[in-house]
Structure formats: C-alpha cells, structure tokens
Amino acid sequence: MEPEKGDPNVKVGIREVADGFRAVGAMPGDTVIYHGSLSSMGQVEGGPTAVIDGALAAVDPGGTVAMPTLWFNGKEPLQKPEDFDVKTSPSYVGALSEGFRQDPRSVRSHHFSHAISAIGARATELTAGHDRCKPLHTPWSEMAFSDDSPWGRLYEWNSLYCFIGVTMRVCTMKHYCEARIVAECLTQAAPERRDALSARLVHYGAPGLWPFYNSEATGELFAQRGLVKTGRIGSATIRGIRTRTLVEETFALLRNAPQDWLPKPFLDWRAECLGA
Ligand SMILES: CC(C)(COP(=O)(O)OP(=O)(O)OC[C@H]1O[C@@H](n2cnc3c(N)ncnc32)[C@H](O)[C@@H]1OP(=O)(O)O)[C@@H](O)C(=O)NCCC(=O)NCCS
C-alpha cells in the first residue's frame, strides 16, 4: 500500500523508535510485531536495524520483537512452496522486513508464504514448527494460520500488533481471523456435506471462495472505538492494538454483521453451511 509520506528533514534514531513503541503500549517483557514503511519515519539513522533496536529497547528486559517476512508477493507467477528456502528466500514486504530477516539475531518460521521472523527472549518459541502445524484451511496451505502457528501464538500471547506509517490494510493477522471464520462455518455444516463445501473454497493457485474483508475499514472502526493507541516515530504515525482485541473484535463484526463485511458469494456459502 501507499505509505504516509515521510519528511526527510526529520531525523529518527533508536530512542525515537523506542518512545513510539512505548506510546502505543509496548512494555518490558512484551511480544511486539510490526509492519511498516521505512521512508514514512523521515531519515532513520541506522535504517531497519535502528528500528529493530528501538523496538527491542521498548520491550527490554525479556521482550521479543517480530515482523512478517513474507516470501509471497501476491503476484503471478505463483511461487512454488517447495522452492522456499527459510535461510535465503527474501521477504517481499518492504525494507524493514527484509532488513529484519537479514539481521543475524533473527530466527524465521518455516512457511513459504506467511513466515514470521523474530528476535529476543521468545523468538525461537514464537517461530517454531510453522511447517508442522495442525491443519486449518487457508488459501496458502493448511498451516499458514493454524492455532499452533506463529500467528496463533501471537493471538494466544495477546501480543502488541503495530503499524508504522501504514494502516491496518496490511494486517496479515486478518487471514487468521478469516481462517477461523471458515472453520467455524464448516463445523456447523452437516458432516456429509463438508468435503463438497470445502472444495469450493480458494486453494493455493486455484480460485474459490474466501471471506476476505476490508481490514483498513475494521481498523478505522476500532480506532473510533478507542481500541487503537497512536503515537509518532519521526514523521510517521505508529498504531498499536493488542492481538486479542484485534481478533475478538474482528470476530464480533464478522459474526454479528457478516453482510456488512463479507463478499456475497461467501455469504451464500456460509448460509449453506448453516443450513439456512
Ligand atoms: C510497501 C511499503 C513497504 C512501502 O514503504 P516505503 O517506505 O516506500 O518502502 P520501504 O519500507 O521498503 O523502504 C524503502 C524506502 O525507504 C527509503 N530509505 C532507505 N533508507 C532509509 C532510511 N535510513 N531512512 C528512511 N528512509 C530510507 C528508500 O529510499 C526507499 O524509498 P524509495 O522507494 O522512495 O526509494 C509500505 O507501504 C508497506 O505497505 N509496508 C507494509 C508491508 C506489509 O507488511 N505487508 C504485509 C502483507 S499485505
């Protein structure tokens, strides 16, 4: 997405980054994940490493910081999952993310499309076993957003989810919510119909149904409700929301007012699942 326009006259260092993360709720011992735009902050002295160090300072002592390091760019031709190399496949979601992946302190989860990299006390625990998760259907394999995946752990740990100079449009956690909504619908379907209903969902490389929703709009709603904290890092806005709040408030919207948020073909499929 188009980030906020940075002011190159504004200088940013580790201290400004740490203050920004603290302003949106980062605490000692916390686990924090962030998406972001490097240029939106101004001139960052030390580049992506200074942003990592600032985030680490905000959760020190005992904290963990993470970024999505997705080898998936959503563009044709599709990547072949078997070509993913956890050590060398680049992150396609910006300079902060690629810098994070290349940082010698970081460990990366093993998933071809939705890897997370992490640094700090719980980095290994957060990123472990992404290639051995319990199956949960998503458009990008059965393991990307399972409850025992890094994304499931971020929810379980009530981590702080941050956005620097970008909106919640880029919120990867949205797919965890979508996958859970799909699973919930299938659970309510008659057992003998589940395979046929599942077959109509999008599968990697094959079109189908999926409850893609507008996470920028849900993010704006959460901000209006006072659920999102905001601060500044140089010329950029930083936003932060706890993952339990993010996921549970999203579920409430998608369950209670699905017609306002979900595509019509998915609503029809959902009605079939529920036997309506
Ligand atoms: C796409 C996106 C990364 C673009 O942001 P961006 O700031 O233009 O690009 P990057 O963060 O990659 O940083 C590179 C830019 O920083 C500039 N830069 C380099 N060093 C810098 C420094 N030390 N300080 C500030 N800016 C610097 C570069 O010149 C480059 O700008 P340019 O493209 O105008 O030349 C951002 O809008 C975004 O969407 N980020 C989130 C992505 C994501 O997490 N997606 C998840 C799945 S949807």
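What covers the buried residues of H9? The cover includes H5, E7, helix H6 (174–188), helix H8 (215–224), strand E9 (236–242) and helix H10 (258–261). Labels like these come from DSSP runs, numbered from the N terminus: helices are H or I runs of at least four residues, and strands are E runs of at least two.

Before going on, here's what you're looking at. This is a predicted model, where local features need pLDDT of at least 70, side-chain atom pairs count only at pLDDT 80 or more, and totals for chains, interfaces and linings use all residues. Residues are numbered from 1 along each chain as its sequence is written.

## The whole chain

The protein chain has 11 helices and nine strands. Its radius of gyration is 19 Å, close to the 19 Å that the globule rule gives for 276 residues, so the chain is as compact as a globular protein of that length. (That radius is taken over C-alpha atoms, and the rule is 2.2 Å times the number of residues to the power 0.38.) Along the principal axes, the C-alpha atoms fill a box of roughly 60 × 40 × 35 Å.

Of the 276 residues, 47% count as buried. A residue is buried if 20 or more other C-beta atoms lie within 10 Å of its own, exposed if 12 or fewer, and partly exposed in between, with C-beta atoms placed from the backbone. As for contacts with a separation of 6 or more, 71% of them join residues 24 or more positions apart. Two residues are in contact if their C-beta atoms, placed from the backbone, lie within 7 Å.

Helix H9 covers residues 243–256. Its 14 residues reach 20 Å from the first C-alpha to the last, close to the 20 Å expected at 1.5 Å a residue; the expected span is 1.5 Å times one less than the number of residues.

Which residues of H9 are buried? They are Thr-243, Leu-246, Val-247, Thr-250 and Leu-254.

Trp-157 sits in the loop between helix H5 (150–156) and strand E7 (160–164). Trp-157 is 86 residues from Thr-243 in sequence, but their C-alpha atoms are 8.0 Å apart in space. With 17 other C-beta atoms within 10 Å, Trp-157 is partly exposed.

Asn-158 lies in that loop between H5 and E7 too. Asn-158 isn't a glycine, yet its phi is positive, near 50°. Asn-158 has 15 C-beta neighbours inside 10 Å, so it counts as partly exposed.

You'll find Ser-141 in the loop between helix H4 (123–127) and H5. Is Ser-141 buried or exposed? Ser-141 is buried, with 20 other C-beta atoms within 10 Å.

Then there's the peptide bond from Asp-60 to Pro-61, which is cis, with omega near 0°. Pro-61 lies in the loop between helix H2 (47–59) and strand E4 (64–68).
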